[in-house]
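Reader: I am new to this structure. Please show me how to read it, one feature at a time.

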Amino acid sequence: MRVVIAEDNVLLRDGVRLLLADHDIAVVAAVDNADELLAAVATHRPDAAIVDVRMPPTHTDEGLRAAIRIRSEYPETAVLVFSQWVETEYARQLLAEHPTGVGYLLKDRIVRTRDFLDALRRVTEGGTALDPEVVRQLMAVRPRDEGLARLSAREREILDLLAEGRSNIAIAERLHLAARSVEKHVTAIFTKLDLPQARTDHRRVLAVLRYLHARSE
């Protein structure tokens with residue numbers, strides 16, 4: 001097995017490298033940031049990447065965003081996220097888009113070397129390995145409204161104004177758009193929110209209610 005490690009803590013990075021070497025797993029690169037991780041994967045095409053979540057420069061979610069890119073662009077490379085943190089938004093996206101060859105373990109909950117190595121082998125073989133705490137936090141997060149998530153920035157801006165009770169003409173004047181353009185955006189909003197035309201429903205009201213409900217969560 002050939003592995004890339006992305007971990008900004010040098011002691012932990014070297015420790016994982018030595019651990020893997022002791023078990024005949026080749027570490028082809030060990031880096032401390034997401035950009036170098038992506039470059040290493042592109043160069044070495046490893047069987048797996050072990051990825052911390054928070055790395056330079058912002059120490060927020062660079063690792064998870066890189067993990068999503070790796071699974072999208074290099075599907076032959078499995079990803080094992082190994083972190084102290086559960087970042088639910090990107091973790092949910094990673095697992096939803098790439099349900100195989102993915103793992104997410106928490107550093108302070110690994111008590112046996114064997115468990116870590118078993119998880120690494122499992123994801124490399126196309127399986128999954130999730131810490132129960134990760135699963136619990138993902139399940140605790142209310143799923144976001146997928147319809148609203150599909151809206152473009154302009155469509156969200158127009159839905160904002162619909163929620164204020166603005167007419168299409170008023171929205172067109174406010175945003176300096178042609179009335180026909182606003183109509184097209186409103187139609188696109190209805191489509192993305194799965195609100196088909198019906199004689200018994202007022203789609204503008206339903207869209208606004210959906211929007212307000214999401215904002216109140």
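Author: Start with one pair of residues. In this predicted model, Leu 80 has Gly 103 of strand E5 as its bridge partner.

Reader: What joins strand E4 to strand E5, and how do they run?

Author: First the general idea. Strands of a sheet pair through backbone hydrogen bonds, either parallel or antiparallel. Now the case here. E4 covers residues 78-83 and E5 covers residues 102-106. Five bridges join them, and they run parallel.

Reader: Which helix packs on the sheet and touches E4 and E5?

Author: Helix H3, residues 62-73. H3 also touches strand E3 (48-51). The direction of H3 makes about 170° with that of E4.

Reader: How many strands form the sheet, and in what order?

Author: Six strands form an open sheet. Read the order as E2-E1-E3-E4-E5-E6, with parallel pairing. E2 and strand E6 (128-130) are the edges. Each has a single partner strand, so one side of each lacks a neighbour in the sheet. From one strand to the next, the twist averages 20°.

Reader: Take E1. Is strand E1 mostly covered or mostly uncovered?

Author: Mostly covered. E1 spans residues 2-6, and four of its five residues are buried. Five bridges link E1 to E2 (residues 26-31), and the two run parallel. Look at Val 4: Ala 29 in E2 stands opposite.

Reader: What follows E1?

Author: A loop, then helix H1 (10-22). Asp 8 lies in that loop. Asp 8 counts as partly exposed because its relative accessibility is 29%.

Reader: Which residues are in contact with Asp 8, leaving aside its neighbours within four places in sequence?

Author: Arg 13, Asp 32, Asp 52, Arg 54, Met 55, Pro 56 and His 59. Asp 8 and Asn 33 are 25 residues apart in sequence, yet their C-alpha atoms are 6.5 Å apart.

Reader: Now the backbone. What should I look for?

Author: Look for exceptions to a rule. Most residues other than glycine have a negative phi, and most peptide bonds are trans. Here, the bond from Pro 56 to Pro 57 is cis, with omega near 10°. Pro 57 sits in the loop between E3 and H3.

Reader: Is Val 86 buried or exposed?

Author: Buried, because the cut-off is under 20% and Val 86 has a relative accessible area of 17%. Find Val 86 in the loop between E4 and helix H4 (88-97). Beyond residues up to four places away in sequence, Val 86 touches Tyr 104, Leu 106, Val 134 and Gln 137.

Reader: And Asp 131: where is Asp 131 found?

Author: In the loop between E6 and helix H6 (132-140). At 7% relative accessibility, Asp 131 counts as buried. Leaving aside neighbours within four places in sequence, its contacts are Tyr 104, Leu 105, Leu 106 and Arg 109.

Reader: How many residues does the largest nonpolar core have?

Author: It has 30 residues. Those with the most contacts inside it are Leu 37, Leu 64, Ile 70, Val 81, Leu 94 and Tyr 104. Take Val 81. Among the residues Val 81 touches are Val 51, Leu 64, Leu 94 and Tyr 104. Apart from this core lies another, of 18 residues, including Leu 159 and Ile 189.

Reader: Last, the helices. How do H8 and H10 pack?

Author: Two packed helices are described by the angle between their axes and the distance between the axes. For H8 (residues 153-163) and H10 (residues 179-192), the angle is about 95° and the axes are 10 Å apart. That makes H8 roughly perpendicular to H10. H8 contributes Arg 154, Glu 155, Ile 158 and Leu 159 to the contact. H10 contributes His 185, Val 186, Ala 188, Ile 189 and Lys 192. By type, the contact residues are five nonpolar, one polar and three charged.

Technical notes:
Residues are numbered from 1 along each chain as its sequence is written. This is a predicted model: local features need pLDDT of at least 70, side-chain atom pairs count only at pLDDT 80 or more; totals for chains, interfaces and linings use all residues. Side-chain values use heavy atoms; hydrogens and water are left out. Axes are lines fitted to C-alpha atoms, for helices over the stretch in contact, and angles run from 0 to 180 degrees between N-to-C directions. Angles under 35 degrees count as roughly parallel, over 145 as roughly antiparallel, 65 to 115 as roughly perpendicular and the rest as oblique. Contact means heavy atoms within 4.5 Å. Ala, Val, Leu, Ile, Met, Phe, Trp, Tyr, Cys and Pro count as nonpolar, Asp, Glu, Lys and Arg as charged, and the others, Gly among them, as polar. A nonpolar core is a set of buried Ala, Val, Leu, Ile, Met, Phe, Trp, Tyr and Cys residues joined through side-chain atoms within 4.5 Å. Buried means under 20% relative accessible area, exposed over 50%, partly exposed in between (1.4 Å probe, protein chains only). Two strands pair if DSSP finds at least two bridges between them.
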